Amino acid sequence: MGSIRFEHVYKRFGDFTALTDLNLHIEDQEFLVLVGPSGCGKTTALRCLAGLEEISQGAIYLGDRMVNHLPPKDRDIAMVFQSYALYPHMSVYDNLAFSLRLRSRTSLVRKLLALGFHRAAYHRIKATEADIDRRVRNAAAILDIEHLLGRKPKVLSGGQRQRVALGRAMVRNPRVFLMDEPLSNLDAKLRVQTRTEISKLHQRLKTTFIYVTHDQTEAMTMGSRIAVMRDGVVQQLDVPQRLYDHPSNQFVAGFIGSPAMNFFEAQVSRTEEGWWFHIPNLFTLPIPAEKAAPLGAYAGETVIFGIRPEDLHDPQHLPAGVNTEVRIRATVEVMERMGSEIYVYFEKGGREFVGRFDPRVTLQRGDQVEAVIDMEKMHAFDRTTGEAIATRA
Ligand code: ATP
């Protein structure tokens, strides 16, 4: 069973706490992504799981077995790093076969010593080499690197090296794959391609994958679930769409999504007509009736109002069903054309915010624009704790 549990795990380096009360339950065959900014503890969590770091407190389980004190080689886990760490003097074939040979030789020497039974050991070596050959060729076929088996790493492209590194993990047929930013050395196109290959590999191998990245796009596209981390603490563990639509706090809301969600400090007020956000010197926006209940407790107080860039629209190109009543006026500062859409950066009252507009809009820098804001999709967060008060419909 490739299920994994971190239970109340702490990892301290001196007085610095890199992991605080980490609780993760990862199902067998799941693809879990750990995502978060640099230094948030992602690699440390992987290293603790692999047995490369000893945890300071708590417990880690592989299946039903607590592995706190189990050495790395007995954990049946394979790790793929950002640096491929291939042996430069060995062929691709030998790189793939290396760990298997090492393992079989160790066990063979042990057997020789124990049994003194040389003839049987000789036949065993032959059988083992045949098995290693089968496993190496099988992994090479899956990763489409059979034609590279005789080459040395230095003549391979970055993407090919990456596949060899994956292959080296695969031949061991581990219960769990750990991957630490394995795509960061690849160029943009290859990164997208290899991303898909890793997802396919996961479907094919039906093994548990834990994948570390600081890139939210990688996290969203690859993970069956995503754990967003900050300063050694998991902020939210959820399926990608729920993280996006219902972030549990302002940090997750700002981290997931590109361009990031727009945030404004807003006072909550009530009049006879209903509930309002008043954003000083910028806008007064009506709070949809169904969001008024959770925000009612904040009457007269300031909260953080959030709206994703795709929930601002050009009035000429509105998606079906968007309520057009709420509009805001602002000046176009910068436009970034992405082909399928345009990121329009607005300025008003010294504040900048961004909309993802239809690419057919004909705007120019300096234009005064009236943008439709889809308040049904609004978010609100507590200004002090950052916790979500209301999330999109
Ligand atoms: P990155 O994306 O930059 O790799 P990360 O989220 O993987 O970051 P970690 O490498 O897990 O972060 O590091 C978490 C924190 O623990 C960092 O502040 C780091 O400096 C600290 N840290 C990691 N290893 C050690 C160590 N051996 N001794 C002291 N501090 C350490």
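A search of the whole structure, which is a predicted model, finds one cavity of 30 Å³ or more. A cavity here is a set of points, on a 1 Å grid over the protein atoms alone, where a 1.4 Å probe fits but cannot get out. Rolling a probe the size of a water molecule over the atoms shows where empty space is left. The largest cavity holds about 40 Å³ of space; a volume is the space filled by probe spheres set on the points, with grid points joined across faces, edges and corners.

The lining of the largest cavity consists of G159, R163, L190, Q193, T194 and E197, where a lining residue has an atom within 4 Å of a point. Two elements, α4 (158–170) and α5 (188–205), each give two or more residues to this lining. Helices (H or I, at least four residues) and strands (E, at least two) are DSSP runs, numbered from the N terminus. The largest share, four residues, comes from α5. By class, the lining of the largest cavity has one nonpolar, three polar and two charged residues. In this classification Ala, Val, Leu, Ile, Met, Phe, Trp, Tyr, Cys and Pro count as nonpolar, Asp, Glu, Lys and Arg as charged, and the others, Gly among them, as polar.

## Largest pocket

A pocket is an open set of grid points with protein on both sides within 12 Å along at least five of seven lines. The largest pocket has a volume of about 810 Å³. Its lining comprises 24 residues, of which K73, I77, S99, R103 and R172 lie nearest the centre. The elements that give two or more residues to this lining are β6 (77–80), α2 (92–115) and α4.

Helix α2 supplies the largest share of the pocket lining, six residues. The lining of the largest pocket divides by class into 15 nonpolar, three polar and six charged residues.

## Ligand site

The shell around the ligand is formed by F13, F16, A18, P37, S38, G39, C40, G41, K42, T43, T44 and E181; a residue belongs to this shell if one of its heavy atoms lies within 4 Å of the ligand. The shell residues divide into five nonpolar, five polar and two charged.

The side chain of T43 places an N or O atom 2.6 Å from an oxygen atom of the ligand. The protein covers 58% of the 640 Å² of accessible area that the ligand has on its own, with areas from the Shrake-Rupley method and a 1.4 Å probe; for residues, only the protein chains shown count as cover. The elements that give two or more residues to the ligand shell are β2 (16–26) and α1 (42–50).

## Helix α1

Helix α1 gives the largest share of the ligand shell, three residues. Seven of the nine residues of α1 are buried, so this helix is largely enclosed by the rest of the structure. Buried means under 20% relative accessible area, exposed over 50%, and partly exposed in between (1.4 Å probe, protein chains only).

The buried residues of α1 are K42, T44, A45, L46, C48, L49 and A50. After α1 comes G51, whose phi is positive, near 90 degrees.

## Individual positions

L24 is found in strand β2 and counts as buried, at 2% relative accessibility. The C-alpha atoms of L24 and A227 are separated by 8.5 Å, although the two residues are 203 apart along the chain. E30 sits in the loop between β2 and β3 (31–35) and is buried, with a relative accessible area of 8%. A polar atom of the E30 side chain lies 2.8 Å from the backbone nitrogen of E27.

G349, in the loop between β17 (342–348) and β18 (351–357), is exposed, with a relative accessible area of 62%. G349 and V361 are twelve residues apart in sequence and 24 Å apart in space, C-alpha to C-alpha.

## Overall chain and conventions

The protein chain has nine helices and 21 strands, and its C-alpha trace spans about 95 × 45 × 35 Å along the principal axes. Buried residues make up 49% of the 393 residues in the chain.

Residues are numbered from 1 along each chain as its sequence is written, and side-chain values use heavy atoms, with hydrogens and water left out. As the model is predicted, local features need pLDDT of at least 70 and side-chain atom pairs count only at pLDDT 80 or more, whereas totals for chains, interfaces and linings use all residues.

Note on methods: A polar contact is a pair of N or O atoms within 3.5 Å; within protein, one must be able to donate a hydrogen and the other to accept it, and residues adjacent in sequence count only if both atoms are side-chain atoms.
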